[in-house]
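Please keep the picture open while you read.

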Amino acid sequence: MRVVLLGPPGAGKGTQAQVIAGRLGVPAISTGDIFRANVSGQTELGKQAKSYMDAGDLVPDEITVAMVKDRLAETDAKGGFLLDGFPRTIAQGEQLRGSLQELGHHLDCVLELVVDEDELVRRLSGRRMLVDGEWVQRDDDKPETVRHRLEVYREQTAPLSGFYASEGLLAQIDAIGSIEEVTARAMAALERPGQSDDS
Ligand code: AMP
């Protein structure tokens, strides 16, 4: 299956991506994780991406699209994938559609995790990740940057919801609840793309 996980920062995409991809037997591909690994490794790509990430802005499409194209060409992604954090602009969505078409493939479903904004701010400001045995806050989870990332989401990424709905691929699910509850909704939605979750 070829699936895109859509949703604002703090909706739980990273966690759900791992669980759902495991259930589907496909790799979870997170553009944020790839960028962060490149920043830590101080690669050329990491150097290009860092200032945008620190400011809570999107890394320019041409850098991101080329990176995803390379990643999707890897062997493990040939039979399917779950994309977490890509596409994030309509232009990226169009590029993805084009790259898949060239390979004779298409997306099967776009799962959108829906969470209201107050809950997102609460989750993001409390979020910590484990680095070298210590719990640290991501630089882009600081309150000022969080507000900006949510604005960027509203303006540049949220329109993808309509873009995919018009293709009959969108399944929206309520992402408030335990990890298991949200996964169960996601797995049910994957069986009926194009319809929204009313629970
Ligand atoms: P994430 O872990 O998905 O929240 O991504 C962290 C940061 O990486 C974002 O705030 C962006 O700066 C960058 N990023 C991740 N995915 C993309 C994308 N598809 N397009 C542009 N920038 C991205």
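1. Let us begin with a single side chain and what surrounds it. Leaving aside neighbours within four places in sequence, Tyr164 is in contact (heavy atoms within 4.5 Å) with Pro87, Gly93, Leu96, Leu107, Val110, Leu169 and Leu170. Tyr164 lies in helix α8, residues 159-165, and counts as buried at 2% relative accessibility. Here buried means under 20% relative accessible area, exposed means over 50% and partly exposed is in between, with a 1.4 Å probe and protein chains only. From Tyr164 to Arg123, 41 residues away in sequence, the C-alpha to C-alpha distance is 27 Å.

2. A word on where the values come from. This is a predicted model, in which local features need pLDDT of at least 70 and side-chain atom pairs count only at pLDDT 80 or more, while totals for chains, interfaces and linings use all residues. Residues are numbered from 1 along each chain as its sequence is written, and side-chain values use heavy atoms, with hydrogens and water left out.

3. Now the overall picture. The protein chain has 9 helices and 7 strands; these are DSSP runs numbered from the N terminus, with helices being H or I of at least four residues and strands being E of at least two. The radius of gyration is 16 Å, close to the 16 Å that the globule rule gives for 199 residues, so the chain is as compact as a globular protein of that length. That radius is taken over C-alpha atoms, and the rule is 2.2 Å times the number of residues to the power 0.38. Along its principal axes the C-alpha trace spans about 40 × 40 × 35 Å. Buried residues make up 45% of the 199. Of the contacts between residues at least 6 apart in sequence, 72% join residues at least 24 apart.

4. What lies inside? The largest nonpolar core has 24 residues, and Leu5, Ile20, Leu82, Leu111, Leu113, Ile173 and Leu190 touch the most other members. Such a core is a set of buried Ala, Val, Leu, Ile, Met, Phe, Trp, Tyr and Cys residues joined through side-chain atoms within 4.5 Å. Elements that each supply at least two residues include β1 (2-6), α1 (13-24), β4 (109-114) and α9 (179-190). The largest share, 5 residues, comes from α9. Apart from this core lies another, of 20 residues, among them Val65, Val68, Leu96 and Val110. In soluble globular proteins, nonpolar side chains tend to be buried together.

5. Some backbone details deserve a look. Most residues other than glycine have a negative phi, and most peptide bonds are trans. Phe86 and Pro87, however, are joined by a cis peptide bond with omega about -5°, and Pro87 lies in the loop between β3 (81-84) and α5 (90-102). Gln42, in the loop between α2 (31-40) and α3, has a positive phi near 50°. Asp132, in the loop between β5 (129-131) and β6 (134-136), also has a positive phi, near 50°. Gln42 is exposed, with a relative accessible area of 61%, and Asp132 counts as exposed at 79%.

6. Is Pro60 buried or exposed? Pro60 is buried, with a relative accessible area of 19%, and is found in the loop between α3 (44-55) and α4 (61-72).
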